[in-house]
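Thanks for coming. Please have the sequence and the model open, and I will go through a few parts of the fold.

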Amino acid sequence: MTAVTENVTHPAFEPLRSHRIDTLNLTVEEYRHRKTGARHLHLATDNDENVFFVALRTFPMDSTGVAHILEHTALCGSEKYPVRDPFFMMIRRSLNTFMNAFTSSDWTAYPFASKNRKDFDNLLAVYLDSVFFSKLDPLDFAQEGHRLEFETPDDPQTPLVYRGVVYNEMKGAMSAPTSQLWQHLSSYLFPTTTYHHNSGGEPEHIVDLSYDDLVEFYRHHYHPSNAIFATYGNIPAHEHHQKFEQLALGRFERQDIRLPVRDEKRMFAPISVEQAYAVAEGEPTTSKTHIVMGWLLGHSFDLMENLEAHLLTNVLMENSASPLMHALETSDIGQSPSPLCGLEDSNREMTLVCGIEGSEPDKRPDLERLVEGVIARVAEEGVSQERLEAILHQLELHQREITGGQFPYGLQLIMSSIAPMVHGGDPVALLDLEPVLATLREKIADPDYVPGLLRRMLLDNPHRVTLVLRPDEQLEGRRQAAIREALAERKAQLTAAQQQAIVDQAAALARRQQQQDDDSILPKVDLSDVPLQLPEPEARQAHDLPATLYAQGTNGLVYEQVVVPLPPMTDDELLLLPLYTACLTEVGCGELDYLQMQNRISAVSGGIAASTSARGRVDDVQNLSGYLLLNGKALVRHQGALVALLEDVLAHARFDETGRIRELVAQMRARREQAVTGSGHALAMNAASQGHSAGAWLAFRLGGLDAIRGIKALDDALQEPAELARFCKRLADLHARIQQQHRQYLLIAEEAELDPLLTHLQAAEAGALPEPSAEAWAVAPVDYQTRQAWLTTTQVNFCAKAYPTVAVDHPDAAALTVLGGFLRNGYLHRAIREQGGAYGGGAGQDSVNGSFRFFSYRDPRFAETLDDFDQALQWLQTTDHAPQDLEESILGVIGQLDKPRSPAGEARHAFHNRLFGRSAEQQARFRKRVLEVTLDDLKRVATHWLLPERASLAVVTSQENRALAESLGFSIEEL
């Protein structure tokens with residue numbers, strides 16, 4: 001470890017250290033601001049996707065959601081940028097690859113990423129001003145947090161109601177039983193510290209937060225002395241320092257900030273508690289209880305203790321072959337393991353959780369006996385060296401892999417190092433795991449090491465909570481009645497002046513939401529900053545095998561994908577596809593049963609998975625092509641084993657383990673049911689567009705609300721042994737047909753590893769591959785309208801409206817794509833989020849399935865939101881629009897097109913574009929059309945394609961709204 005050289009360090013910052021991590025291809029540099037003590041972690045690497053992140057340590061000691069509401073309100077205008085909504089305005093004026101803010105249990109963060117240096121500097125200026133010089137207007141608090149209004153805002157004769165974005169967001173978030181499960185468990189495991197409380201806010205407590213409380217929390221926590229800065233990319237640290245000092249830090253002095261940071265007081269005996277969660281009135285409550293056990297462990301920022309906890313968790317629950325996970329999956333105490341199973345290591349002290357769902361309240365003692373017995377047995381018998389090496393292999397692979405997805409890779413690295421910085425640990429040691437893994441490898445050679453950990457951390461640890469969360473069909477009714485009663489009592493006590501003050505605030509907020517701010521004070525990029533076209537990774541073809549090879553910087557990993565065209569299928573066989581792909585990599589193979597197969601997968605790969613992919617042609621959404629995809633990844637040293645593993649799965653997967661397949665279906669059911677409250681907007685859009693194309697219909701049937709209902713019916717039917725046997729035979733028959741299909745391969749690795757990887761594949765495929773089939777897989781075209789209300793247990797709504805449109809290569813596809821952002825930016829954000837109180841809303845063109853879709857997310861309204869969708873189209877036609885509004889929407893589309901992926905993700909994306917006929921020429925044509933879209937084009941395509949008589953609607957809502965849905969002409973669908 002070396003000191004940072006002084007001559008490249010800004011004088012306002014003190015260099016602390018520099019550490020090279022070759023496995024991540026970066027250098028970690030750590031600095032401290034001399035005046036304020038603010039810390040800066042810089043991950044220097046040759047990557048032009050630069051990331052900025054500033055976090056404030058926030059330790060709320062109640063569940064009013066003060067940190068969460070402050071995160072929202074801080075972004076609503078600042079000293080230098082006194083406009084109403086600079087955050088969302090900058091999203092539109094930027095080429096960012098990521099922009100967000102989020103509240104954790106003990107920190108609040110404001111991150112962004114961009115590949116454009118001008119854009120990065122623009123965003124940095126706005127973020128720093130928003131965080132350290134926020135206006136915190138009381139009306140923004142009322143909008144984003146909570147407020148009292150009359151149901152009709154200007155009519156005091158109507159009932160009082162609570163409104164606010166965060167209030168409705170958390171009503172939606174806390175509708176999910178798993179969210180309640182975690183919050184209840186945390187409150188008992190942490191009776192005295194910040195983790196006892198819901199940092200996001202409990203709806204019934206959010207309404208207790210005052211504006212003065214918010215301002216006081218901001219003044220105490222949002223100071224550089226309490227801040228942690230982190231950056232990633234190829235901008236040098238000293239250039240960041242110059243900006244930090246100029247834009248914010250130079251105006252502050254060091255402040256002694258005292259926070260309630262302490263370890264939890266330890267319990268001397270385990271406790272058991274019971275809580276309830278709401279289900280719809282009349283809904284069956286049998287087999288709907290969650291039972292979990294949680295242990296409080298040691299410090300998350302002690303790296304060895306952290307890795308020991310991960311080792312222990314993986315020994316017990318890594319996969320279905322792990323002893324505790326196997327016991328939970330095969331037990332008749334419940335239907336499937338709890339989604340909470342695992343290790344939570346982001347808090348100051350770690351938590352290990354295991355449990356079961358689909359149970360009954362009186363099964364708690366049975367679960368405790370089962371779990372204690374399994375842990376005691378493993379402690380007595382020990383764990384094989386081979387198994388422990390496989391777990392360390394997984395830790396090594398996880399550290400090496402350059403991932404993409406939800407967050408940019410640089411932000412993922414920063415997020416993994418923020419917890420030790422918050423709690424006083426060493427972020428460098430956490431990023432550079434190699435030395436600690438080497439130490440751990442020495443320790444596991446002692447056969448008593450893991451049994452000792454099991455005894456110390458679990459068996460002899462009295463700080464344990466068993467939580468039973470049971471369904472209660474009366475709970476929601478009691479909750480709503482209590483809210484109505486409290487609001488009625490409060491209204492009865494209002495004076496005339498207080499009533500008028502509520503009316504006046506509503507009017508003032510409405511005026512503020514309608515005002516047009518001078519956005520010229522905000523920095524921006526324009527179309528001249530947009531690259532004409534981004535290069536794609538280059539592919540080469542193997543000579544004697546249908547294989548496509550990409551040389552990418554994968555940091556010591558190899559990736560393989562087997563691509564098999566789907567055979568012709570009946571509708572019944574089509575519906576089997578998601579069940580088949582879920583089971584394919586989870587069952588036995590050849591002479592190995594599924595437990596042995598799970599161990600084999602863990603020992604030589606980073607996991608394998610099967611899925612299907614189907615898309616229409618670029619000029620015809622009804623003409624689908626479909627493929628089975630079998631994916632795997634491994635460290636370079638296991639590349640031959642990875643090839644053999646995938647070949648064996650495709651050749652020898654067995655569907656005769658009926659008990660295992662029964663468990664997998666139960667787990668699928670649980671996962672799909674839990675997805676409704678988190679992904680309700682996507683499910684509603686999927687349902688609204690189901691009749692617009694073959695692909696949309698397929699998505700609805702295989703992965704939408706219809707599929708959730710279908711998996712519930714199947715799971716119930718499979719309780720009959722004869723039905724289970726028939727189902728397994730259908731899976732085996734489908735597999736046999738897929739085995740007969742021609743296949744091709746996608747290989748991704750660093751240049752030096754491609755030929756060895758190909759050699760392994762050639763050896764595995766020594767025999768002749770099946771010939772391409774003369775019969776093609778097809779799904780019949782569809783064209784119908786729908787108007788469905790799907791009823792479930794939720795406190796908020798998810799609304800969608802969809803219109804049939806065009807495929808991606810149609811000349812109007814570009815204008816429709818731009819139109820989605822234009823409607824969101826100009827009308828829907830204000831109407832649905834700011835005025836309506838929903839957490840989100842928008843519109844977009846889905847050119848894969850030929851559908852234009854409006855949506856709302858965690859929405860307190862129903863009919864009014866559907867009206868807003870229509871009003872947005874009227875606004876488009878009747879309002880004079882500025883050219884800049886169009887430019888911002890075009891920038892948004894280009895930003896999505898250019899969003900970076902991981903090196904392996906870039907190659908996969910390019911390969912699948914070609915597989916489905918998305919050529920470089922077609923992509924360039926679409927990009928050119930986007931850049932040439934005019935305001936007249938937007939109005940024209942809206943008039944031509946978004947016709948009221950062609951619209952379809954779908955909502956995900958509660959039983960409480962059944963009568964309203966029926967009065968609006970919706971057919972009622974029960975989940």
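Start with helix 22, residues 639-652. Its 14 residues, at 1.5 Å a residue, should span 20 Å, and the end C-alpha atoms are 20 Å apart, so the two values agree. The expected span is 1.5 Å times one less than the number of residues. Helices here are DSSP runs of H or I with at least four residues, strands are runs of E with at least two, and both are numbered from the N terminus.

A word on the source. This is a predicted model, where local features need pLDDT of at least 70 and side-chain atom pairs count only at pLDDT 80 or more, while totals for chains, interfaces and linings use all residues. Residues are numbered from 1 along each chain as its sequence is written, and side-chain values use heavy atoms, leaving out hydrogens and water.

Back to helix 22. Its buried residues include L642, L646 and L650. Buried means under 20% relative accessible area, exposed over 50%, and partly exposed in between, with a 1.4 Å probe and protein chains only. In an α-helix there are 3.6 residues a turn, so residues three or four places apart point the same way.

Next, strand 27, residues 952-958. Why is strand 27 largely enclosed by the rest of the structure? Because seven of its seven residues are buried. S952, A954, V956 and S958 point one way, L953, V955 and T957 point the other way, and all are buried.

Strand 27 has partners; two strands pair if DSSP finds at least two bridges between them. Strand 23, residues 787-792, runs parallel to strand 27, joined by six bridges, and T792 stands opposite S958. Strand 24, residues 798-804, is antiparallel to strand 27 over five bridges, with A800 opposite A954.

Another antiparallel pair is strand 20 (residues 608-617) with strand 21 (residues 620-635), over 10 bridges. The two form a hairpin with two residues between them, and A609 stands opposite N631.

Last, the cores. A nonpolar core is a set of buried Ala, Val, Leu, Ile, Met, Phe, Trp, Tyr and Cys residues joined through side-chain atoms within 4.5 Å. The largest has 65 residues, of which F52, Y110, L128, F132 and F229 touch the most other members. Helix 3, residues 117-132, gives the most to this core, with nine residues. A second, separate core of 63 residues includes L545, L577, L650 and L754. That brings back L650, one of the buried residues of helix 22.
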